[in-house]
Amino acid sequence: MKQIIKKSIVFITAAAIMLTLAMPMSAEAASKKGKGVAKKKGVAMITAKVKGSKTLRCKVTVKDNRKPVTNARNVIRQNKT
């Protein structure tokens, strides 16, 4: 009797796993568009809610690649002295 129950549980579990994997999954892009603006260098986590209670997260790293600007007049004055 115990073996029949164990075999039944194994069969039902295997069937449930196979049905779960066989079901098609679909995803759609949201119609709303977002925009993020960097204010300073660092790391930020962007979080978006999707239909119902699902949330998606994306880690964003902002680097400061700007080159310093030199004042041409100061360079000329330093070279003259």
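Accessible areas here come from the Shrake-Rupley method with a 1.4 Å probe, and for residues only the protein chains shown count as cover.

**Entry 1: the whole chain**

I started with the surface: the protein exposes about 9,100 Å², and carbon and sulfur atoms supply 61% of it. I reminded myself that this is a predicted model, in which local features need pLDDT of at least 70, side-chain atom pairs count only at pLDDT 80 or more, and totals for chains, interfaces and linings use all residues. Residues are numbered from 1 along each chain as its sequence is written, and side-chain values use heavy atoms, with hydrogens and water left out.

Next I looked up the confidence, given as pLDDT (the predictor's confidence in each residue, from 0 to 100). The protein averages 78, and 77% of the residues score at least 70. Strand 2 (residues 54-62) has the highest confidence, at 88, while helix 2 (residues 72-80) has the lowest, at a mean of 58.

For the fold I counted 2 helices and 2 strands, taken as DSSP runs numbered from the N terminus (helices H or I, at least four residues; strands E, at least two). Along the sequence the pattern reads α-β-β-α.

How much of the protein counts as buried? Of its 81 residues, 0% do, with buried meaning under 20% relative accessible area, exposed over 50%, and partly exposed in between (1.4 Å probe, protein chains only). I also checked contacts, meaning heavy atoms within 4.5 Å. Among those with a separation of 6 or more, residues 24 or more positions apart account for 3%.

**Entry 2: helix 1**

Ile9 is in helix 1 (residues 2-22), and I noted Ile9 as exposed because its relative accessible area is 51%. Together with Met1 and Ile5, Ile9 forms a nonpolar surface patch of about 360 Å² accessible area.

**Entry 3: Lys41 and Gly42**

Lys41 sits in the loop between helix 1 and strand 1 and counts as exposed because its relative accessibility is 60%. Not counting residues up to four places away in sequence, Lys41 touches Val62, Lys63 and Asp64. From Lys41 to Asn65 I noted 24 residues in sequence and 9.5 Å in space, C-alpha to C-alpha.

Gly42 belongs to strand 1 (residues 42-50). Is Gly42 buried or partly exposed? I put it down as partly exposed, because its relative accessible area is 30%. Leaving aside neighbours within four places in sequence, Gly42 is in contact with Val60, Thr61 and Val62. Gly42 and Asp64 are 22 residues apart in sequence, yet 8.8 Å apart in space, C-alpha to C-alpha.

Key:
Patch = residues over 30% accessible without salt bridge, like charges linked within 9 Å, V, L, I, M, F, W, Y side chains within 5 Å. Salt bridge = Lys/Arg side-chain N within 4 Å of Asp/Glu carboxyl O.
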